[in-house]
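Please keep the sequence and the 3D view open while reading.

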Amino acid sequence: MSAFILRRLLLSIPTLVGVLVVAFLLLFVAPGDPVMAMVGERADEATIARLRQELRLDDPLYVQFGHYVAGIAKGDLGRSYITNRPIRKDILERFPKTLQLAGAAMLLATVCGVTLGVLSAWRPGGFIDRFGLGIAYLGISFPVYWVGLLLILLFAVTLHWLPPSGFGGVRYLILPALALGMRSIAFLARMTRSAMLDALGADYVRTARAKGVREGLVVGRHALRNALIPIITVLGLDFGAYLTGSILTETIFSWPGLGRYVVNAIARRDLPAIQGSVLFLSAVFVLVNLLTDIAYAKADPRVTYA
Amino acid sequence: MRRFIALSLPVLLLACGGGGDGANRRTLVDARDNYDPRSLDPALSTDVPTGRVVGYLFDGLTRFTPDASVVPGLATSWDVSPDGSVYTFHLRRGVRFTDGTPFVARQVLTSWQRVLDPSVRGGRGWPLYPIKGAKEYADGKATSIAGMAAPNDSTVVVTLKEPFAIFPKLLAMPVASIAPDKVPANFGEAPVGTGPWKLVEWKHDDYLLFAPNREYWGGAPKADSLKARIISEPSTAVAEFQSGNVDVLQVPQGEIRDWQEDAERRKLLAPTPSLELVYVAINTTRGPLKDVRVRQALNYAVDRRIILRNLIAGSGDLAAGVIPFHLPGSDRTRIGYAFDTTRARQLLREAGYPNGVDLELWTSANPIYVRIAETLQGYLQLSGIRVKLIQRESAAAREAARKGQTDLFVKDWYADYPDAENFLYPLLHSANKGVGGNVSYYSNPQFDSLVSASRREQDETKRVAMYRQADEIAFRDAPMIYLYFYSELTAIQPWIRGFVPPVIFNAQPWTNVTTTAASPGPRTAGASTSTPPGTMPATPTPAPASTGAHP
C-alpha cells in the first residue's frame, strides 16, 4: 500500500508540472493585460511601460517562466500584481474556509444522501423512495444560484433563523453548505439507491437473511458495504470539485474562500494569483483523487494496489 | 443512521436562535463595497473600495464634503501666486498619526514621492503630474521632484508645470493622502494615518473593522465602530439590509423599480446625483464613424428616454453633453438629440450610406449594459444601422476600446473629483486618446485648446463658461451616444442618523453618523438597549463572538 501511495505521489509530479506549464501559457494567450487592469480607468503610456518593466512583463516568455519556476521550487508563489501581498499567504488564509464549507457540504451530502438512498432501496416504490426521487430531481435540476438566494430569502430574510451571509460560526455555515451540498445529496441518493438495490438482490443477502441475521445488519453491513464503491467515487469527485472553490456559493453567501479569490484574480488579470491558485488547487485535486483510491481499498478488500 | 439525525437536531436548534440584531448594534455597517480593497496603502488607491477605506484612515491636504465641495484637510489654508502656478499650503499643527508620530510637512513630500515611485507599483501618478518634475520622476528621468519643497514643518510649497486652478481638488483624491515618512513593507495591511478611523482588523473578502481615532483633529467619530462588509452579490446585500444587519446599501440597478414601488422601502431611499455618465463611445477614427453625420445619426436613432425609464427605472437624467448637472459648466438648456429615425436615415443618406452601415457594438458583461446594448441594437436597426453585439468580460472589453478596436462601446465614467474638467479632459481631449480615457479617439483642435485654456484659467466664472462652450462643441461633433447621468440610490436604515450619501465616493467619513440606539452603556456583546420607536423589533441576541461585530 505504501509503495502504491509513493508511486502515485511521484506520478502526480508530472501532472502538476503539466498544469504549471499550461496555466502559465494560457494566461499569455488569453486577452487582457494585467497592467491595464492595474492602472484603472485613466493612465498614460509611460506609466504603463514603467509598470510592465517593474513586473518584468517585457522579458521573453522563457525568462519569465524560468523566474516563475525558480520561485516555485523555493516554495514562493510570488506576489500579487494588484495587492502586492504574497500569494502563498492569500491562499493559506482562504483555503481553510473553503475546506470548512466543502467539508460541511460533504458531511451533509453523505448523511442525507446515503440515508435517503439506503431507505429508498430498502422499500423500493414506498413513500421514502418517492420522496427521495422528488428530492433528487429538485437537487439536480435547480441551479445553485437560485437555490442559494431562495434559502437566504426564506431562512434569513423571512424567518430570521440564520444570517444571510458572511463567515463565522456554525450559523453562518448551514445555508451555504446546504446550497452547495444539494446536488451531491441528490446524486448520492440516486447512486446509493441503485447500488443498494443491486446489493440487496445479491445471493449473499438472501443467505444472510436466511440464516437469521437482523435486517439492520443485513442492510448496514452486508449490503451497504458492498454498495460503497460508487458512493466513494461520487464523494471523491464532488469533494475535489468543492475544494477547488465553489465560486457561485461563495459569491452568493459572501464566503471568503478560494473561489472568490480566483474569480477576483481573473477579473483583475492578476497573473501570479491565478497561476498560484491553479497550481495549488490542482495539487489538492490530485491529493483527493489519491485519497479516493485509498478509500476504495479500505471499503473493498478485493481492491488491492499491490 | 438515527444517531446522525439525533446529533444534527441540537445543532439545528442552536442555529435557529435569533437573526438580525438590527438596532441593537453600535457598529455602523456599510454594505456598499462588492470587492475587497486592493490595499490600504494610499499610493495603491486606484479603485472605489480602496479609495473609500483610505478616506477613513488618512487625510489629504484637502477633502471633499458629501455634497462635493472642497474644504481644508491637513492644510488649513493655501495661497496661490498671482500667475496661479505656485501653491503655498499652510499645514494644520498638532496633528498626530495614530501611532503618535507628529504630522509634519516632510511627510507630504515623501507620501507623494511614493505615489510616483514606480517600485511602489501604484499605477496612478496622474493626479500629481501637474507638479513640476513629477512626471519626470515617475518616468525615471529625475531622482527628485523639482516642484515640491517643505521650507518648515508646517509649510509645503508646490510649483506647478503650468497654472492649474483646480489642483486643490485633485489633492482630495485618496491617492494624494498623507502617510508617515517611513512605511513598513506591509503598510497596505497595517496602515497608519491621521484619519478619523483606525483599522482594527481586515478579513479579506469578508469585512474591514474600524475603531474611532479619539484624537482626530476634525472631531472623533460618534459611533463605537464602523464595519465595511464586502458583499459581492447585490441580491445578498439587499437580503442583509432587509434582515437589518447592514445600515447602508447601494440599491442594485436591477432592483430600483421594486424599491420605488414598495411604500415601506421607498421611505429608506436617498437618491444621490452621482457623478456618473453612461454613454456609448463612438470611435471617431473608424470607417463610416469618421463622418460626423453618421455619429449624429446614431444619436438620433436611439430613444434614450425609453432606455432611462425602462432599463434603470428613471433613476437619472438624460445627458446632453458630458458634464453632470450637479457640476458648474453643465447646461440644462441644451437640447439633446431627440429620437428621430427619419432624421437619422436622412443624415446617413447625406453621408453617403443610403443602405445604412454595419458596426460592432461592444459591451462588458454588466447585465444592465448588456440590456442597454441589446436595446440599442434594436433601435439602430430601425434606422438601417446594423449592429453586431460583442460581449466581453470587462477588462478585455476595456482593453479593446483603449486599443481603438471597437466601433461602439457601452461604458460609464465616474468622476474622480467633482469638476467638469474631470469629464471633458480625460474623455475627449486628444492628449488622452486610448489609455488616457478618450476611447472615442476624439480630436478637435478647437475643443482641445479651449479645454487646455480652461485648465489654466484662474477666474472661475470664465473657466465655467469655457467648460460649457467646450462641451457644446463636442456635443455637435457627437463622439459618443449621449445616454444618461445615473443617480445612485442609497438605502439607509431608519435607525441611522447623519448619513448623507456622498456625491463623490470618498466624501463620507461616517464621523457624524449614529444609530438611534447608541446610548451610553456597557459595550459587551449582546448588551440590550431599549428599542427606539420606529425601528424593527429587535431581540437581544448574543452576537456570535467569531463575527467580530462587537469588539
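Tyr417(B) lies in the loop between S17 and helix H14 (421-428) of chain B. The model is a predicted one, in which local features need pLDDT of at least 70, side-chain atom pairs count only at pLDDT 80 or more, and totals for chains, interfaces and linings use all residues. Residues are numbered from 1 along each chain as its sequence is written, and chains are lettered from A and ligands numbered from 1 in the order in which they are written. Helices (H or I, at least four residues) and strands (E, at least two) are DSSP runs, numbered from the N terminus.

**A loop residue of chain B**

Is Tyr417(B) buried or exposed? Tyr417(B) has 21 C-beta neighbours inside 10 Å and therefore counts as buried. A residue is buried if 20 or more other C-beta atoms lie within 10 Å of its own, exposed if 12 or fewer, and partly exposed in between, with C-beta atoms placed from the backbone. If neighbours within four places in sequence are left aside, Tyr417(B) is in contact with Lys169(B), Leu170(B), Ala172(B), Met173(B), Asn422(B) and Ile504(B). Two residues are in contact if their C-beta atoms, placed from the backbone, lie within 7 Å. Between Tyr417(B) and Pro494(B) there are 77 residues in sequence and 30 Å in space, C-alpha to C-alpha.

**Chain B as a whole**

Chain B has 16 helices and 21 strands. It consists of 551 residues, of which 52% count as buried. Among its contacts between residues at least 6 apart in sequence, 69% join residues at least 24 apart.

**The six-stranded sheet**

In chain B, six strands form an open sheet in the order S14-S18-S13-S17-S15-S16, with mixed pairing. Its edge strands are S14 and S16 (385-391) of chain B, each of which pairs on one side only. From one strand to the next, the twist averages 25 degrees. Two strands pair if DSSP finds at least two bridges between them.

| Strands | Sense | Bridges | Residues standing opposite |
|---|---|---|---|
| S13(B) (276-282) and S18(B) | antiparallel | five bridges | Val278(B) and Tyr484(B) |
| S15(B) (357-363) and S17(B) (408-414) | parallel | two bridges | Trp362(B) and Phe409(B) |

Two helices of chain B pack on the sheet. Helix H9 (residues 292-300) of chain B touches S13, S15, S16 and S18 of chain B, and its direction makes about 40 degrees with that of S18(B). Helix H13 (residues 394-402) of chain B touches S13, S15 and S17 of chain B, and its direction makes about 135 degrees with that of S15(B). Axes are lines fitted to C-alpha atoms, for helices over the stretch in contact, and angles run from 0 to 180 degrees between N-to-C directions.

Strand S18(B) (residues 480-486) has seven of its seven residues buried, so it is largely enclosed by the rest of the structure.

**An enclosed helix and an open one**

Eight of the ten residues of helix H2(B) (residues 48-57) are buried, so this helix is largely enclosed by the rest of the structure. The buried residues of H2(B) pack against strand S1 (27-33), strand S8 (197-203), strand S9 (207-212) and strand S10 (225-230) of chain B.

In chain A, helix H9(A) (residues 203-210) has eight residues, and the number buried is zero, so H9(A) lies largely in the open. Gly212(A), whose phi is positive, near 90 degrees, follows H9(A).

**Two helices of chain A**

H5(A) and helix H14(A) (residues 271-299) pack at an angle of about 50 degrees, with their axes 10 Å apart. The two helices are therefore oblique to each other; angles under 35 degrees count as roughly parallel, over 145 as roughly antiparallel, 65 to 115 as roughly perpendicular and the rest as oblique.

**Where the chains meet**

How many residues does each chain give to the contact? Chain A gives 53 residues and chain B gives 50 residues. On the side of chain A that touches chain B, the largest share, seven residues, comes from H3(A).
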